[in-house]
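Thanks for making time for this today.

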Number of protein chains: 2
Amino acid sequence: MSFMQSLRQAWARSGSLLCVGLDPEPARFPAHLRERPDAVFAFCAAIVDATADLVCAFKPQIAHFAALRAEDALERLIAHIHDAHPGVPVILDAKRGDIGSTARHYASEAFERYRADAVTLNPYLGRDSVEPFLERADKGAILLCRTSNPGGADFQALDCGGEPLYLRVAETIARDWNAHGNCALVVGATWPEELGKVRARVGTMPLLVPGIGAQGGDVAAVLRHGLDADGNGLIISASRAVLYAGDGEDFAAAAREAARTLREAIAAGR
Amino acid sequence: MSFMQSLRQAWARSGSLLCVGLDPEPARFPAHLRERPDAVFAFCAAIVDATADLVCAFKPQIAHFAALRAEDALERLIAHIHDAHPGVPVILDAKRGDIGSTARHYASEAFERYRADAVTLNPYLGRDSVEPFLERADKGAILLCRTSNPGGADFQALDCGGEPLYLRVAETIARDWNAHGNCALVVGATWPEELGKVRARVGTMPLLVPGIGAQGGDVAAVLRHGLDADGNGLIISASRAVLYAGDGEDFAAAAREAARTLREAIAAGR
C-alpha cells in the first residue's frame, strides 16, 4: 500500500490527525531506563506501543538518533512499528536535499535502509534534487514550505513577484512536482493564517503541521485554516509534549494520556 | 585552530584550491577491494593518503556512507585524516537544516561524533535553524547559496525584490550571520557569472565550488569570477573525476594523477 493510501486509512481508522514525533533525548528518559544499553529503542518502542491506536502516523527525527550513534535503534524502531502496528505510516524526519547522484543515496537511506513510508525534504535545491523521492509513487515526499521556527520568515517570507517564497514553493510543488500524487508539505502550527493560504493553493494535499504542544501552536486555529474539504488533510505532530509527559516508571501511560488529550482537542475542533 | 585558520594555512601550504570529495560507491571500487569488509574505509583512506598534499580540504559526503550503514567507516576516515594529515580541514557534506532543538543534535552529530571542521547547511529554515553551527566560532558553517544542479534555479533564481533569492541569501549571511567570521557559501561551478555576483557581495568569504570534473564546470571561468582580492577564497571540489580515475590496483595513483592535473589546471588560471 502506498504512503498516501495508508495515511488515508489511518485517518479513517484512528479518527485522529495526531502524529507522535519520536525525538529521543536520553537525559529526559525515566531513571529506570537511562542505564539500559538499549534505552533509546526501549523508550521509543514503549511510546509507540502506548499510542499507536491514537495516531495517524509516527515521525522519528533522525538527528536525535544520529547524534547518539543510534542508527541501529532507529532501524529496529521502524521495523517494530511495521511489525506490531501494521498500517501506521512512518515519516522519517530528515529534511534531506542534495543534487542528483547524492539524492539517490539519501533516498536509499530513507526507503531501503530505514524502510520509512515517507521522508521530509528541503526544496531549496529544486526539483531534480528530490526527483529520486518524487518518482517513488509508493512513498511520501513531504517538502518544507513554511516552517514553525521564528527564523522561518528570513527567506520563506521574502516577496517573490508579489507573493511570499513559501507560497511559490507550495504552488510549484502542487503544480509541477506532484505527478504521482505523493507530495505533502510542512507548514508550522505557529502560522495558522499562512497555513490557510497554503491550503487554498494545494487542494487536498496533506500538510504536516509541527509546532503544537511544546512550541505553543493553537490547535483550533490550525484546524480552522488547515483542514481540507473532506475534513482531513492534516498530520498534526507533537513530540516533546507526548514523549516527556511523565518521567517515572509510568512514562508510557503518561504519554498515552497526553496523546489522548491532544487527539481529543483536535477532534473537538473538527 | 579554527576551520578558517586551517583553511588559510592549507591554501598557503599546498598552493592548491582543490578539495577532494569523498563519495564512496562500492560498485565503482577496484575489484580487489570490493569484497573486503572494510572496503569503504580502505578505499577512501587510500585516496586521502594519495592526494593529501595536493588539496586544501577533504569533503566526505555523508549520504554515501549512510546508505551503506557505514557511519563507522566515516568516523574512522575523519579520524584518519586528522591523525595522518593534520591541518587538512574536513568538511562534512551533509546539507543539514532543522529547527532549534533538532539543529543542536545535527551540530553534535557533525562536530562531536564525526569531528568535522566544517559542515554544509541549508539556509531555507532561516538563521535560528543554523545558530548552533554559527555559534561555534572554531567550526565552519558552509551554507548553500546557488547550487550546481539544473533545478537549482527553481527557487534560488526567483526574483525577490529586484534580485534573485540566492543573492539575498548571500547578502543576509554575509551581513547578519557571520559575526564569528566562520561562514562560507556553496556556489556551483556551473554558474560562473553568478559566482562573480556572489563574490561581489561577500568580500573574502570562502566559496565552496562543486561541479568541476564530472559535472563539467569551467575552471578558468570559476577562477575569473570567484577568486577573492587575495587570489584565494575558493574551495574547488571534485569527487568522481578523482575517486574513479582508475579502477585497477593502481587506483590511488590514478586518483593522485587526476588530482594533480586538476590542481595544475587551477594553478594555471590563478
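Predicted model: local features only at pLDDT ≥ 70, side-chain atom pairs only at ≥ 80, totals over all residues.

Residues are numbered from 1 along each chain as its sequence is written, chains are lettered from A and ligands numbered from 1 in the order in which they are written, and side-chain values use heavy atoms, with hydrogens and water left out.

Now the interface. Taking contact as heavy atoms within 4.5 Å, 55 residues of chain B are in contact with 56 residues of chain A. Since 100% of the interface residues of chain B are also interface residues in chain A, the copies meet through the same surface. The two chains bury about 4,500 Å² between them, 56% of it on carbon and sulfur atoms, where buried area is the accessible area (1.4 Å probe) that two parts lose on being put together, summed over both. B:H105, B:Y124 and B:F155 supply 19% of the area that chain B buries against chain A, more than any other three residues.

How many salt bridges cross this interface? With a side-chain nitrogen of Lys or Arg required within 4 Å of a carboxyl oxygen of Asp or Glu, the rule finds six, and one salt bridge joins the side chains of B:E75 and A:R69, at 2.8 Å from N to O.

Next, the strands, which are DSSP runs of E with at least two residues, just as helices are runs of H or I with at least four, numbered from the N terminus. All five residues of strand β10 (residues 234-238) of chain A are buried, so this strand is largely enclosed by the rest of the structure; buried here means under 20% relative accessible area, with exposed over 50% and partly exposed in between (1.4 Å probe, protein chains only). A:L234, A:I236 and A:A238 point one way from β10(A), and A:I235 and A:S237 the other way.

Two strands pair if DSSP finds at least two bridges between them. Strand β1 (residues 18-22) of chain A runs parallel to β10(A), joined by three bridges, with A:C19 opposite A:S237 and A:L18 partnered with A:I236. Strand β9 (residues 207-210) of chain A also pairs with β10(A) in the parallel sense, over four bridges, and there A:P210 has A:S237 as its bridge partner. β1(A) in turn pairs in the parallel sense with strand β2 (residues 57-60) of chain A over four bridges, where A:G21 stands opposite A:K59.

Last, a loop residue: is A:N182 buried or exposed? A:N182, between α9 (165-177) and β8 (183-187) of chain A, is buried, with a relative accessible area of 1%. Its contacts include A:M4, A:F133 and A:R136.

How values were computed
Lists of a residue's contacts leave out its neighbours within four places in sequence.
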